[in-house]
Amino acid sequence: MRKSLGVLGFIFVLSFIACSKKGSVPATGGGTKPTADTPIFKGADVSWLSQMEDSGYKFYDSAGVAMDGMKVLQGVGINVIRLRVWVNPATRYNGTADVVAKAVRAKNLGLRVLIDFHYSDTWADPGHQTKPAAWSGLAFPAMADTLFTYTVSVLDSLQAAGVVPSWVQVGNETDNGMLWPDGEASTNMANYAALVNAGYMAVKSVSDTIKVIVHVSNGYDNAHFEWLFDGLKANGAQWDIIGMSLYPSASNWASYNTSCLANMNDMVSRYNKPVMICEVGMPENEATTCESFITDLIHKVRSVGGGKGLGVFYWEPESYNNWQGYGLGAFDNTGKPTVAMDAFAN
């Protein structure tokens with residue numbers, strides 16, 4: 001443990017030196033209330049978009065006019081695009097080149113970008129935090145170094161293409177840490193904190209304007225958030241924003257939102273960090289209820305103390321016609337947004 005933290009401490013010094021050498025492009029999105037023209041950041045994760053397009057899917061606005069799926073979303077109020085990145089995916093999708101291409105599209109439309117590092121070759125979530133195959137044999141200090149170097153390389157590729165994200169997630173739904181078993185929080189919180197710090201300093205070495213998010217699911221579960229972030233804080237971890245997911249049902253969304261607001265206010269009070277709802281969703285066939293859910297959630301995020309409620313993001317709203325078996329999108333089977341997306345117009 002002491003040895004791995006020492007290695008990361010050395011990396012951190014190098015990172016601060018690098019930060020003074022690399023260009024920093026302004027990318028607001030941090031801990032103060034957004035300006036009046038964007039009172040809340042309204043986002044969509046569209047990581048499936050390029051794969052859907054290659055499979056023949058098309059997207060239309062409410063009038064039936066075919067256009068870029070990102071532009072359709074922009075037309076209903078979305079102002080941020082969130083993109084996941086995998087280390088060595090089985091196909092080209094969600095790899096660095098695919099992510100850069102989609103990020104450039106977003107930037108060209110005037111949209112902000114959030115990059116979501118899964119630190120895996122595939123899905124990472126509360127039940128799966130599998131190391132990339134190429135990292136599987138590394139000792140912990142080397143793995144932390146590799147996470148740092150990899151994070152920098154992806155962000156350098158984005159910056160070379162003219163994109164500096166406003167936000168970066170160091171891990172996806174890391175309810176029990178990441179890069180298991182080494183970074184499993186319930187068995188080694190210090191290792192998980194060291195990995196968070198490696199990601200944090202990698203991001204800041206590319207641009208200190210980028211805000212770093214630690215993302216956890218079940219935004220209503222205050223006890224779990226306190227356990228995880230108390231553990232990170234006690235082990236010296238650094239982060240800028242606390243990210244949450246929230247996936248209620250049509251019958252319990254109101255109570256979930258109430259609990260989520262209490263949790264958001266507690267996180268702000270307890271750690272003096274802003275909060276962001278990085279993922280929401282509800283079944284496509286419950287679009288009217290979903291609109292009520294998101295409208296209420298946006299109102300609650302805006303009410304967070306000190307203007308520290310930053311935004312709400314829908315996860316893969318553009319998915320439709322049972323794409324990949326996912327039924328929680330917000331487009332109908334003709335490729336047009338459902339009324340659920342009207343919530344983002346307010």
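**Figure 1. R270 is partly exposed, with a relative accessible area of 33%.** The model shown here and in the other views is predicted. R270 belongs to helix α8 (residues 253–271) and D230 to helix α7 (residues 222–234), so the contact ties together parts that are 40 residues apart in sequence.

**Figure 2. A salt bridge joins R82 and E279.** The closest N and O atoms of this pair are 3.1 Å apart. R82 is in strand β2 (residues 80–85) and E279 is in strand β7 (residues 275–280), so the pair ties together parts that are 197 residues apart in sequence. R82 has 0% relative accessibility and counts as buried. E279 is buried as well, with a relative accessible area of 4%.

**Figure 3. R82 and E279 belong to a network of salt bridges.** Side chains of opposite charge can pair when their charged atoms come close.

**Figure 4. R92 and D98 meet through their side chains in a salt bridge.** The N to O distance is 3.6 Å. R92 counts as partly exposed, at 48% relative accessibility, whereas D98 is buried, with a relative accessible area of 4%. A search of the whole structure finds 15 salt bridges, and the R92 and D98 pair is one example of such a contact.

Definitions and conventions:
Residues numbered from 1 in each chain as written. Predicted model: local features only at pLDDT ≥ 70, side-chain atom pairs only at ≥ 80, totals over all residues. Heavy atoms only, no water. Salt bridge = Lys/Arg side-chain N within 4 Å of Asp/Glu carboxyl O. Helix = DSSP H or I, 4+ residues; strand = E, 2+ residues; numbered from the N terminus. Buried < 20%, exposed > 50% of the residue type's maximum accessible area, 1.4 Å probe, protein only.
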